[in-house]
Amino acid sequence: MKYLYAIAVLACVVLWSSCRNDFETVPSTGNLEFSRDTVYLDTVFTNIGSSTYNLKVYNRSDDDINIPTLALGDGENSNYRLNVDGVPGKMFENVTVLAKDSIFIFIETTLDINNFPNPDNAFLYTDKILFDTGGNQQDVDLVTLVQDAVFLFPERFADGTVETLNLGVDGNGEDILVEGFFLDDTELNFTNERPYVIYGFAAVPPDKTLTIDAGTRVHFHADSGIIVANNGSIQANGIPSTDPELMEGEIIFEGDRLEPTFANTPGQWSTIWLTQGSTNNSFTHTTVKNSVVGILNDNSPLSLTNVQIYNSANVGLLARTATIVGNNVVINNSGQASLACSLGGDYEFNHSTFANFWTNSFRTFPTVLIDNVLQVSETEVVVADLVRADFTNCIIYGSEQRELGFVNEPSAQFNFNFRNSLIRFEDPNNEFTDIPEYNFQNASLYTNIVLNEDPVFFDTELNDFNIETGESGADGIALPGVGPAQDLNGVTRGANPDAGAYESVVFPDPGGRP
């Protein structure tokens, strides 16, 4: 009994001591602190939701604070949406922030440029998050830039189905359908007046040409792209830019997420697909970035001049039995190969830089892969002649020991040649000594090749492949008079030109730019 009495007394003491003012708060007196005083939601396209941004609200005091009202300045009419510690809404009452603690507020928005709530300030939409009222009120600004665009998308039918394109049949004889649509005649000229946002696959019809003017920006939603049909063409006519930051003359293909965190994220959209039978395809002063496959060329002619392809989840330029002439081409950061010349074809590249410094996952493919065979099933392969694969004044380099690879099926032609180029191919264990394709002393295959010297790129993480004068292994090794007279920067190549897409420059102090 004595022990029971002691336990009962102790329990009472504990219960009494726990009856402190845990659930009593003091009103906010304007002493809240915030992780930022303005939340910038970056640029969004009209009718496309933003990413979710967060704001942290701190209570540095020793008392639990009650915020009587927490609301958007425009209340229920605001185009912003809040989530306060897991509760969605636009207006909240009696929000508690515990002593020496904090709460999260998550913010997002979707805006319609045609019903813009702030016409006097054009494309800038603003609001505030208000904490309390009267003399104790504090606020955090919300700012979003809204960009108008031309939206192209497949038709959605009354039964809920979506317009599709038939890409043929699979191995089981089933139709291969993708959400997509054919561009009509009024949509076959992309101008630089407004950016374009494409949902699904926009197809260039047979016997039609999609013309893209200099300075045009084309954005793709997830799983979207462009398909050029049989006898169709795409002509991307970019021009040199006077401002290397604005790139006002460049045509740019990328995803539709405009936030900085998505600026170099691979795999945001599908590909530009040049199907078999498409013709007269060309890209000049064009950048393709953040796709699954940058350009997929199936047995079609293609001209590339001053073209950059970056951040491809699989392959930068994938060609199957294609015919390609490329000058001043730069490809980097691909999950597999940056350039894959597959199933034969006819290829000529001059003054091009093929690099791969992929860091998103483990990479098993070299930067440049050339083959004349394709396995289409477990038991079946197809072969095609590699008529030509000529690389002159090029750089082939990356983060792996061997950045050039061949797969040669002897039953088909396999013709290739490298001249005055820098190649990374390290073979410390002599695994490839007896493979003829890797005999870099064979003058019929390799002429004036520089092996395994550092090209000294300016910044591979920023896709800046300028090379340094006097330090680069590609400096002064190129064959004069081959390829374009000017480099990708518009600099005239001299009597002793450099390999790759850029003439060498003197690098500035660290942190600068050529």
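Asp-459 stands opposite Asp-464 in strand E41, in a model that is predicted rather than determined by experiment. Strand E40 (residues 457-459) and strand E41 run antiparallel and are joined by 2 bridges, where two strands are taken to pair if DSSP finds at least two bridges between them, and where strands are DSSP runs (E, at least two residues) numbered from the N terminus. The two strands form a hairpin with 4 residues between them, and Asn-463 in the turn has a positive phi of about 55 degrees. Strand E41 (residues 464-467) is covered on both faces, since Asp-464 and Asn-466 on one side and Phe-465 and Ile-467 on the other are all buried, that is, under 20% relative accessible area with a 1.4 Å probe and protein chains only.

Residues are numbered from 1 along each chain as its sequence is written. Local features need pLDDT of at least 70 and side-chain atom pairs count only at pLDDT 80 or more, while totals for chains, interfaces and linings use all residues, and side-chain values use heavy atoms, with hydrogens and water left out.

Strands of a sheet pair through backbone hydrogen bonds, either parallel or antiparallel. An open sheet of 5 strands, with antiparallel pairing, has the order E2-E4-E9-E6-E7. Strand E2 (33-34) and strand E7 (87-89) stand at its edges with a single partner strand each, so one side of each is left without a neighbour in the sheet. Within this sheet, strand E4 (residues 53-59) pairs with strand E9 (residues 101-109) in the antiparallel sense over 7 bridges, and Tyr-58 has Ser-102 in E9 as its bridge partner.

Grid points are joined across faces, edges and corners, and a volume is the space filled by probe spheres set on the points.

The second largest pocket has a volume of about 370 Å³. Of the 15 residues that line this pocket, Leu-167, Trp-273, Thr-275, Gln-276 and Asp-298 are the closest to its centre. Strand E13 (164-169) and strand E27 (315-334) are the elements that give two or more residues to the lining, and E13 gives the most, with 3 residues.

The count comes to 1 cavity of 30 Å³ or more, and the residues that line the largest cavity include Thr-43, Phe-45, Asp-256 and Arg-257.

How values were computed:
1 Å grid on protein atoms, 1.4 Å probe; cavity = no way out; pocket = protein on both sides within 12 Å on 5 of 7 lines; lining within 4 Å. Buried < 20%, exposed > 50% of the residue type's maximum accessible area, 1.4 Å probe, protein only.
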